[in-house]
There are 2 protein chains.
Amino acid sequence: MKNQQYAPLYEALMRRKQQSPVSFHVPGHKDGHVFPRKGADTFRSVLELDATEITGLDDLHSPEGVIQEAQNLARDFFGSERSYFLINGSTVGNLAMVLAVCGRGDTIIVQRNCHKSVLNGIELAGAKPVFVAPQFEKETNRYSRIEADTIVEALRQYPEAKGVLLTYPDYFGRTYPLDEIAEVVHDQGIPLLVDEAHGVHFHLGKPFPMPALEAGADIVVQSAHKMAPSMTMTSFLHMKTSLVEETTISHYLQMLQSSSPSYPLMASLDLARYYLSQWTEEDRDQLLSFIEDVRSTFQRASSKWTVMPLSQWDDPLKVILEVNEGTGFDLAEALEAENMNPELATSDHVLLTIGLAPSLDVRMLEELLREVDCQLKNKPKRATMRGEQRPFPKVHTLAMEDFNQKQSEWVAWEKATGRVAAEPVIPYPPGIALLMKGEWISRDHIDWIDSLAGQGARFQNRKIKEGIRVFKGE
Amino acid sequence: MKNQQYAPLYEALMRRKQQSPVSFHVPGHKDGHVFPRKGADTFRSVLELDATEITGLDDLHSPEGVIQEAQNLARDFFGSERSYFLINGSTVGNLAMVLAVCGRGDTIIVQRNCHKSVLNGIELAGAKPVFVAPQFEKETNRYSRIEADTIVEALRQYPEAKGVLLTYPDYFGRTYPLDEIAEVVHDQGIPLLVDEAHGVHFHLGKPFPMPALEAGADIVVQSAHKMAPSMTMTSFLHMKTSLVEETTISHYLQMLQSSSPSYPLMASLDLARYYLSQWTEEDRDQLLSFIEDVRSTFQRASSKWTVMPLSQWDDPLKVILEVNEGTGFDLAEALEAENMNPELATSDHVLLTIGLAPSLDVRMLEELLREVDCQLKNKPKRATMRGEQRPFPKVHTLAMEDFNQKQSEWVAWEKATGRVAAEPVIPYPPGIALLMKGEWISRDHIDWIDSLAGQGARFQNRKIKEGIRVFKGE
């Protein structure tokens, strides 16, 4: 596409830098002139870009100059009607989508295993979530697939729903026929909102799965930093809909994002769009051959794990190792000991993410994996719950209104059964709730949390091994 | 203070970088290995720090490692009981303070000219704001001073208030006896919340005014990037109170901030605290002499402006020029034409901010100002409203509940009188509302907005010269 070879925001910042302007404004580091020596070398080149809303640099919250131009190039590349730069992560995109679609007491249909920001949005809105559960897939040994039938059933039970919000792909890069679901949702006259945090690169075309916008989603949120090369905490929000007003989305974005947005972060979004738009067939072939090398190197290196096969529904940038003995947590630890950090570990799996270009030496990888294999041989095995299926209800709801008005208290696990959780329990990553705020706590939940914590899963809850916050008097 | 000479988070990131780890995780730029050539040189050194929550790098939303250590050093330096790193600006700190203190229908006393994030927080909470107006000060020609008596009066009229939220200092660095107000508020048994966005450096001691924490504030939000050297969009939130629970603040901060917080931003907070803690008397003397040079250079350069004098209530890092003819907007334009960007212009004033160390050559400044003086001589004068006093009611309230449930429409200014504003009108900077969402629109408001827009003030509203969004049926 014409123009896509420019990065207007990044280039405006570079032009300003070359003019050596005199700063009588914030930030206090004055283009890096005032900064501790300790960090000066590392930060210098970015501080020169760390500007504020002075003349010529536009305003994220009311764009009409270089930021608008950069956003319009993103719009053209992604094929939306309007695209926004987000500098508070996909978190803020999810919050804004929820708040734009539902107010107090409204119903919204969401995936049981959505990201916590979706639940937070529902709590802020004072809305009523209806949870739909993904299907357990034998093929992947995970809950990864939302069926159109499940959505039909939820819409039949809750015809008052103001929207449907799904995660696509899941954390492991798995997709499903979202276009069928879009049709069902649109038949009801409501918008389909998609948390596509892990799918920004789907717009590069085959062999990546279909992007959510193309499948018919109305609003899509994508982390640019996760799979494309932008700085952490940057995302896109795309709209292509007549069902939600742009002014409503803009309103919540300006409300929930800093009034001093970071220019380096915004510039990195501009550069990430530029990077994707300049992607060639040659880049693709080189990447696919690299992925194949990484996969076969892992497969050859040890009998302790199996590299899970890819289907047309899977993102090839995600490599999933299924452990053949011990737990995924053990394997992750062994990898970390060799200075290789995986994306995520579960009882059964270790997830690795690959970038959009080769970024490591495969021969070195081979050597490191030999060490990992040795380490695992000498390691005591931890208890595992491999392949266990948790029976989530297919469709259920929770009253989340007035959570912030209720008193809560901390109780030890032995006193928690039958109480209502006042904090969600979310292993992180992937940030998906085992137990949601507002859910009754069962013995089953407690066993599950106990087992995961014992295996080494990480939680954001304080004192998770000992107990939990519950609402008083329930 | 011992330990303050370390920057544990920054140093942990540097150690990780030196180990050249293999990244099988997000972000997609893989420590900078995958990045467009266009921006690679500029971003490289910071991308190596742009990590994620891998082992050893802690988790902002559940800190127990290097982030907690860095936050504890901030706590010790600022003298709080708990300090938080914010990576979504003071915006998120203000939102969290409001949400932590008031729920739906609750009353909160706030300054009429608070930052828009405070109004946004009240709207999100569904709370009822009671506005107190600052006094117009002849000395400064601005609304800059909140009187303890005004707070006493508001608390008498609204004894059900859950808290008082004030801005301290104002945008121009002006302070007032906050300790007297803290006493009045605490007598009522409620917390004093302070938006100290422009006062992080007050902790360096004389000649800076008293910091809000020392004056007795319960929760304080400070932009670290505005007056101290950290990256834009970073702030601190400090708590020193028994009136608000830490878990409540933590809850809203994790809700409203990215679940993928930026490590370079967090590291720059660590470095900013380090910088402040290493500040010496020699640094202070050098700074004060630099400020004096800048002030006298401005004063000597032209008769078109007067450098306003400093009192003990003023932050010496703010230099205020009062225009003797024309408007502040004209002067700002002339400065910008010479590549000097001021912080803010109003009808009467131009505000300049100085960093914590000399960052420009005063002789060069002298030459540039000669040009500015020439430019202004040849410039046609615009209409001005200098020194005009807007009669804000001393204490008044607004029902902000259910704003998000109401329909709105756009109307031209000639049809706007008597309608209720559905969008605030906020010249930016300083981000303080002339007209608030929910206020009745008077002829006076329209004239004021028209005049400011005509003089060149910037607004975030779309089509502000033509009209405004109002609520339907009111």
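## A shared surface

In this predicted model, 99% of the interface residues of chain B are interface residues in chain A as well, so the two copies meet through the same surface. The contact involves 110 residues of chain B and 110 residues of chain A.

## Relation between the copies

Two copies of a chain are related by a rotation about an axis and a shift along it.

## Extent of the interface

The size of an interface is often given as the accessible area lost when the parts come together. Between chain B and chain A, about 9300 Å² is buried, and carbon and sulfur atoms give 57% of this area.

## Polar and charged contacts

Between chain B and chain A there are 50 residue pairs in polar contact, with both residues at pLDDT 80 or more. On the side of chain B that touches chain A, helix H2 (residues 37-47) of chain B gives the most, with eight residues. The residues of that side comprise 51 nonpolar, 40 polar and 19 charged.

The salt bridges between chain B and chain A number two. Lys38(B) and Glu11(A) form a salt bridge through their side chains, at 2.8 Å from N to O.

## Strand pairing across the chains

Strand E1 (residues 22-24) of chain A pairs with strand E13 (residues 340-342) of chain B. The pairing is in the parallel sense and runs over three bridges. Val22(A) has Met340(B) as its bridge partner in E13(B).

Definitions and conventions. Residues are numbered from 1 along each chain as its sequence is written. Chains are lettered from A and ligands numbered from 1 in the order in which they are written. This is a predicted model: local features need pLDDT of at least 70, side-chain atom pairs count only at pLDDT 80 or more; totals for chains, interfaces and linings use all residues. Side-chain values use heavy atoms; hydrogens and water are left out. Contact means heavy atoms within 4.5 Å. Buried area is the accessible area (1.4 Å probe) that two parts lose on being put together, summed over both. A salt bridge is a side-chain nitrogen of Lys or Arg within 4 Å of a carboxyl oxygen of Asp or Glu. A polar contact is a pair of N or O atoms within 3.5 Å; within protein, one must be able to donate a hydrogen and the other to accept it, and residues adjacent in sequence count only if both atoms are side-chain atoms. Helices (H or I, at least four residues) and strands (E, at least two) are DSSP runs, numbered from the N terminus. Ala, Val, Leu, Ile, Met, Phe, Trp, Tyr, Cys and Pro count as nonpolar, Asp, Glu, Lys and Arg as charged, and the others, Gly among them, as polar. Two strands pair if DSSP finds at least two bridges between them.
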